[in-house]
Amino acid sequence: SMRGAPLVRAALAAASAAVAAAEDDFATVLFWSRTLVVTSVDNPRPLVRVVEDVLAVRPEGLTDVALGLTTGLGQLERSRARERLGILVTDGVSNHGADPAGVARRFPRLHVLATATTPRRVAACRRIAANGNGVCLPVATVADIPPALTHCLDDRAG
């Protein structure tokens, strides 16, 4: 599901989050049936490289949201930040691996930017956010991403 417009939204989300978190630890994890850590907490990369790497990814196979969240949680646990949160950009499809809601419960806070438009997929996004003690915000267009990220980052403590 990460081709075309969804991939552009993911790249914009990664870039926007990197800019907003410039003074904080930051990681970007892409996932499908495996994960790719584009930038890690201990190895920050220039913004342009993060965007280029996100846009260059050609995921294949199934979507394992739980695996992506587990990898992201590993990054979060290495952070020195006092307030830690994860932001998941997803269309709600998880057709491989464990239930992502179970992994979401392990986050101090996990917000979800939902690219989904169907009621079933939006419900899946909301369920992940609820289990992560976060909010689920729709990001149907590129213009929706910066304000949604701002809301998530302003809501770090709840």
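Thr-71, at 18% relative accessibility, counts as buried, because buried means under 20% relative accessible area. In this predicted model, Thr-71 belongs to helix 3. Leaving out residues up to four places away in sequence, Thr-71 touches Val-29, Thr-35 and Val-37.

Val-103 lies in helix 4 and, at 8% relative accessibility, counts as buried. Apart from its neighbours within four places in sequence, Val-103 is in contact with Ala-66, Leu-69 and Thr-70. Val-103 and Asn-131 are 28 residues apart in sequence, and their C-alpha atoms are 8.5 Å apart in space.

The two residues are set side by side below.

| Residue | Element | Relative accessibility | Contacts beyond four places in sequence |
|---|---|---|---|
| Thr-71 | helix 3 | 18% | Val-29, Thr-35, Val-37 |
| Val-103 | helix 4 | 8% | Ala-66, Leu-69, Thr-70 |

**Nonpolar cores**

The largest nonpolar core has 18 residues, and those with the most contacts inside it are Val-65, Leu-69, Leu-88, Phe-107, Leu-110, Val-112 and Ile-128. At least two residues of this core come from each of helix 3 (65-77), helix 4 (100-104), strand 4 (110-114) and helix 5 (119-131). Helix 3 gives the most, with five residues. A second, separate core of 10 residues includes Ala-13, Leu-137, Ala-148 and Leu-149.

Val-112, named above for its contacts in the largest core, touches Leu-88, Thr-90, Cys-125, Ile-128, Ala-129, Val-135, Cys-136 and Leu-137, residues up to four places away in sequence not being counted. One of these partners, Leu-137, is included in the second core.

Three strands form an open sheet in the order 3-4-5, with parallel pairing. Strand 3 (86-90) and strand 5 (136-138) stand at the edges; each has a single partner strand, so one side of each is left without a neighbour in the sheet. Direction ignored, neighbouring strands of this sheet are turned by 20 degrees against each other on average. Strand 3 and strand 4 pair in the parallel sense over five bridges, and Gly-86 stands opposite Leu-110 in strand 4. Helix 6 (residues 145-154) packs on the sheet and touches strand 3, strand 4 and strand 5. The direction of helix 6 makes about 170 degrees with that of strand 4.

**Confidence of the prediction**

The protein chain has a mean pLDDT of 83, with 87% of its residues reaching 70 or more. Among its elements, helix 1 (residues 5-20) has the lowest mean pLDDT (69), whereas helix 5 has the highest (96).

Note on methods. Residues are numbered from 1 along each chain as its sequence is written. This is a predicted model: local features need pLDDT of at least 70, side-chain atom pairs count only at pLDDT 80 or more; totals for chains, interfaces and linings use all residues. Side-chain values use heavy atoms; hydrogens and water are left out. A nonpolar core is a set of buried Ala, Val, Leu, Ile, Met, Phe, Trp, Tyr and Cys residues joined through side-chain atoms within 4.5 Å. Buried means under 20% relative accessible area, exposed over 50%, partly exposed in between (1.4 Å probe, protein chains only). Contact means heavy atoms within 4.5 Å. pLDDT is the predictor's confidence in each residue, from 0 to 100. Two strands pair if DSSP finds at least two bridges between them. Axes are lines fitted to C-alpha atoms, for helices over the stretch in contact, and angles run from 0 to 180 degrees between N-to-C directions.
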